Amino acid sequence: MTEDELQLLRAALRARERRIADLERALHRQGMYDPLTGLPNRELLLDRLDHALAMALRHPSVTAVIQIDVDRFGRLNDWLGSEGGDAALVELSRRLRAVLRPGDTLARVGADEFAVLCVQLESERAVHDVATRLLTALDEPMSTGDREFVLSVSAGVALAHDGHRRPGDLLADANSALDRAKRRGGMRHEIFDAEMRSRLVDRLQIENELRTAVERDELRLEYQPIIGLREGRIVGVEALVRWDHPRLGLVGPDQFVDIAEESGLIRRVGAWVLRHAAAEVAALRAEDPSTRELELAVNLSARQLSRPDTLIATVTEVLEETGLPPHLLALEITESALVDEGHEEAAEEGLAQLRALGVRLVLDDFGTGYASLAQLKRLRFDAIKVDRSFVASLGLADEGEDALLVAAIIHMATALGLTVVAEGVESSRQLRRLSALRCAQGQGYHFARPLAPGRLREMLAAPPASWSQA
Ligand code: C2E
Ligand code: MG
Ligand code: MG
């Protein structure tokens, strides 16, 4: 082979190596980037995060991850169709990218989930600013075809500190903060901090103990009377669960019901509540004929409604076991259960099946969510409980808008044939006002606190005389 031939061969080999390297890079790129938005994917984000955490050890500065989730994307996707949904995600990523600094990484880490890695920020405060910019980047409506809509996102922020040796930990913390933002209704950001971390540990512990609480017979029920305002007497009771915790004492539902929901334990707790409450009221009816029309209200969680089959089976069984007439069982459902993302249809189907059993449906905490009276009528609810936040200012000199709202709600609901129950009646001035507005029923500390079964019996036997003279 001559020297020239050799040169040529070398050049050809080099060109070939370059081609291979290019191809490899392209292939690599494909594995590291999201094809729809062209953004880095989760792998690449983790890789960069790993690098950023190593850098942060040497050059002190703030590193943060912001996890982002589109609020109710499932619904939007159904509405726009998957092409429209894709277009929305592309536009979303374009807008988010536009408010970030060049050194930050925006990645698509799930179908409607994104994450931002912010490096070398000057302060923790700066992270707030970035998160706020991200949320407000979406204020302007978007459109695809002839449809216009506003996308909103929730964000969870985690700041890197010494504890975060592994990128996955930081992402997990950002996710916890995101969950909290979502629970608080979306369109906001939450920062993960040490306090949240310890709460997380507490939660895990409570969840563990809750698993055995049913078997160990640690759950208790209290019953809060519901008063017919015209009659001035007890027309029903609401069963409210408590947990007699061996170490913590009596723990209220606010401390454990949402943990039970998230972990799926609520189905077991819910079934226990139904069974025990129905048995108690059945016993009352047997003891005292004057309680034969006493109604029992039991709270259901969205999680129970999302699996209607189990729920229907439990309700059917409990009614049979206790002989409680179905029309005396009222199931209370909060508005969030009706709009539980991805479960709306299951929930509607569940409601229809419950109706078919002859039980009553009550919307709890009305006014705190988005349910409309027309929707409730369509879903064939029997009653609404007006949230106590609306009742609070009734009868005060500056009762203002709330009183107008309550008046309008009572008026419309009654016209639609829905029974109205006012929650949180704490004073006689509220009671007088509600009676004047012809609210049918009330419940609250003014009448009675939630009572242990023994105290409930006493009150049923000798109700205070003052209720009737509202
Ligand atoms: P809820 O269904 O709206 O129940 C009414 C809550 O308001 C009860 O709190 C009750 O004690 C309280 N309350 C009653 N009258 C007044 C008043 O005049 N003023 C004030 N400030 N509060 C009043 P509790 O027992 O802590 O229950 C809280 C929530 O936990 C309930 O709200 C319900 O959503 C949930 N919950 C309770 N038991 C169960 C259950 O067995 N299953 C499910 N899924 N949730 C339950
Ligand atoms: Mg309730
Ligand atoms: Mg309520």
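Begin by selecting E332, which belongs to strand β12. Helices (H or I, at least four residues) and strands (E, at least two) are DSSP runs, numbered from the N terminus. The structure is a predicted model, in which local features need pLDDT of at least 70 and side-chain atom pairs count only at pLDDT 80 or more, while totals for chains, interfaces and linings use all residues. Residues are numbered from 1 along each chain as its sequence is written, chains are lettered from A and ligands numbered from 1 in the order in which they are written, and side-chain values use heavy atoms, with hydrogens and water left out.

**Stop 1: the magnesium ions**

With a relative accessible area of 2%, E332 is buried; buried means under 20% relative accessible area, exposed over 50%, and partly exposed in between (1.4 Å probe, protein chains only). Display K385 next: its side chain and that of E332 are joined by a polar contact of 2.5 Å. A polar contact is a pair of N or O atoms within 3.5 Å; within protein, one must be able to donate a hydrogen and the other to accept it, and residues adjacent in sequence count only if both atoms are side-chain atoms.

Now select the magnesium ion (ligand 2). Its coordinating atoms come from E238 (OE), N299 (OD1), E332 (OE) and D364 (OD), at 2.0 to 2.2 Å. Donors are N, O and S atoms within 2.8 Å of the metal (3.2 Å for Na, K and Ca); water is not among the atoms, so sites may look incomplete. Along the sequence, the donor residues of this ion follow the spacing E-x60-N-x32-E-x31-D. E238 in strand β9 and E332 in strand β12 are 94 residues apart, a pair that links distant parts of the chain.

**Stop 2**

Select helix α7 (residues 253–263), whose buried residues are F256, I259 and A260. Viewed down the axis of α7, these residues fall within an arc of 105°, so they line one face of the helix; the arc is that of the directions from the helix axis to the C-beta atoms. After α7 comes G264, with a positive phi near 85°.

W243 and F256 are both buried.

**Stop 2: the aromatic pairs**

Rings of Phe, Tyr and Trp (its six-membered ring) pair if their centres lie within 6.5 Å; planes under 30 degrees apart count as stacked, over 60 as edge-to-face and the rest as tilted. The count by this rule is two aromatic pairs. Select W79 and F149: their ring centres are 6.4 Å apart and their planes stand at 90°, so the pair is edge-to-face. W79 lies in helix α3 (residues 73–98) and F149 in strand β5 (residues 147–149), so the pair ties together parts 70 residues apart in sequence. W79 is partly exposed, at 42% relative accessibility, whereas F149 is buried, at 6%. For W243 and F256, the ring centres are 5.6 Å apart and the planes at 75°, so this pair is edge-to-face.
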